[in-house]
Amino acid sequence: STGGAVATPEDHDVEYLTPVSIGTPEQILNLDIDTGSSDLWVFSSETSRSEVKGQTLYDPSNSSTAQKLEGYTWSISYGDGSSSAGEVYLDTVSIGALTVSSQAVEVAQKVSSEFTSDSNNDGLLGLGFGSLNTVQPNAQKTFFDNAMPALDSPVFTADLKAGIPGRYNFGYIDPNAYTGNITYVSVDDSQGFWDWTSPGYAIGSGSFENTTIKGIADTGTSLLLLPSSVVSAYYGKISGAKYDSTQAGYVLPCSPTPPDFAFGVGDDGAAIVLPGKYINYAPTGSSGTTCFGGIQGDSGIGFAIFGDVALKAAFVVFDGGSKTLGWASK
Ligand SMILES: CN(C)c1ccc(C(=O)NN)cc1
């Protein structure tokens with residue numbers, strides 16, 4: 001089997017939302033597919049009314065295939081301090097033509113303000129490794145883990161794009177979606193993430209800097225978070241760029257277009273190039289003169305995060321069979 005669906009960017013590519021069918025008859029919710037976590041949770045009929053602002057709600061009582069897991073609960077918090085919690089059902093979940101008949105659907109009873117204010121986001125679909133799942137008393141499998149045995153190939157791919165819809169596919173690699181070769185790198189799944197090591201970076205037309213950068217491929221994080229030495233080297237090349245403590249990040253003049261940023265993949269010289277315009281993440285004010293940087297520091301996290309700013313420059317294969325990541329330009 002195979003499947004897949006469109007991934008539509010929200011403002012500034014802060015996140016990408018994908019239609020997911022849940023239950024019988026189908027209830028379609030727009031979920032944030034997140035390789036940095038492993039819970040499939042949704043806004044629901046059980047979500048505190050004061051914490052819902054426009055989201056579509058999954059109502060298990062309207063699904064003939066929903067089965068409550070009595071006594072099961074979940075509770076999750078994310079790197080940005082947001083959180084949610086609730087109870088658990090099993091139901092049929094589909095992404096395009098790919099259907100999992102008994103998927104754990106975690107219904108939110110509480111969500112934090114970051115989710116409440118994100119009115120188009122109806123929940124998250126985690127595609128990290130199973131060890132990160134928060135369901136108690138027994139952890140539940142991800143959609144990918146449940147689907148894998150039936151997939152033509154044990155993979156899913158992320159083809160996110162700047163400002164326009166891209167795609168997540170399951171079970172196959174679309175040869176028309178990328179250019180050149182796919183370079184595969186090893187993954188350390190010991191922390192539950194798609195954790196890999198880049199050999200270094202280059203700024204603009206500059207020489208390649210060999211420096212080990214260990215980090216996770218995380219579709220659920222908006223920015224590219226890198227070691228402070230790399231971030232300082234990048235913004236040090238830009239007149240007027242500075243760390244703004246009020247914004248808690250580097251800001252830069254939106255014009256002229258900043259230099260490209262490339263990160264290495266594998267030991268054969270392959271690299272993914274971020275066009276400089278991807279680093280103009282969003283204007284900080286109404287004048288549009290100053291932009292918030294799409295590359296920021298990873299201090300305090302313990303690893304780099306290759307979020308959407310990086311991923312949208314690449315075609316990425318998440319290989320659950322070999323536990324490798326494949327990176328290609330496009
Ligand atoms: C508040 N929202 C929509 C979030 C979505 C995803 C994440 C995240 O860290 N995913 N890896 C955090 C917050």
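## Exercises around the ligand

A polar atom in the side chain of D218 lies 3.1 Å from a nitrogen atom of the ligand. This is a predicted model, where local features need pLDDT of at least 70, side-chain atom pairs count only at pLDDT 80 or more, and totals for chains, interfaces and linings use all residues. Residues are numbered from 1 along each chain as its sequence is written, and side-chain values use heavy atoms, with hydrogens and water left out.

**Exercise 1.** Find how much of the ligand the protein buries.

*Solution.* Start with the ligand taken alone, which exposes 350 Å² (Shrake-Rupley method, 1.4 Å probe).

**Exercise 2.** Name the residues that come nearest to the ligand, then look at their atoms.

*Solution.* Step one: there are 13 residues around the ligand (one heavy atom within 4 Å). Step two: D34, D80, F115, D218 and G220 come nearest. Step three: an N or O atom in the D34 side chain is 2.9 Å from a nitrogen atom of the ligand. With G220, a backbone N or O atom lies 3.4 Å from a ligand nitrogen.

**Exercise 3.** Decide whether T18 is buried or exposed, and find its place.

*Solution.* Next, T18 counts as buried because its relative accessibility is 0% (buried means under 20%, exposed over 50%, partly exposed in between, with a 1.4 Å probe and protein chains only). Finally, a polar side-chain atom of T18 lies 3.0 Å from the backbone oxygen of V6.

Methods: A polar contact is a pair of N or O atoms within 3.5 Å; within protein, one must be able to donate a hydrogen and the other to accept it, and residues adjacent in sequence count only if both atoms are side-chain atoms.
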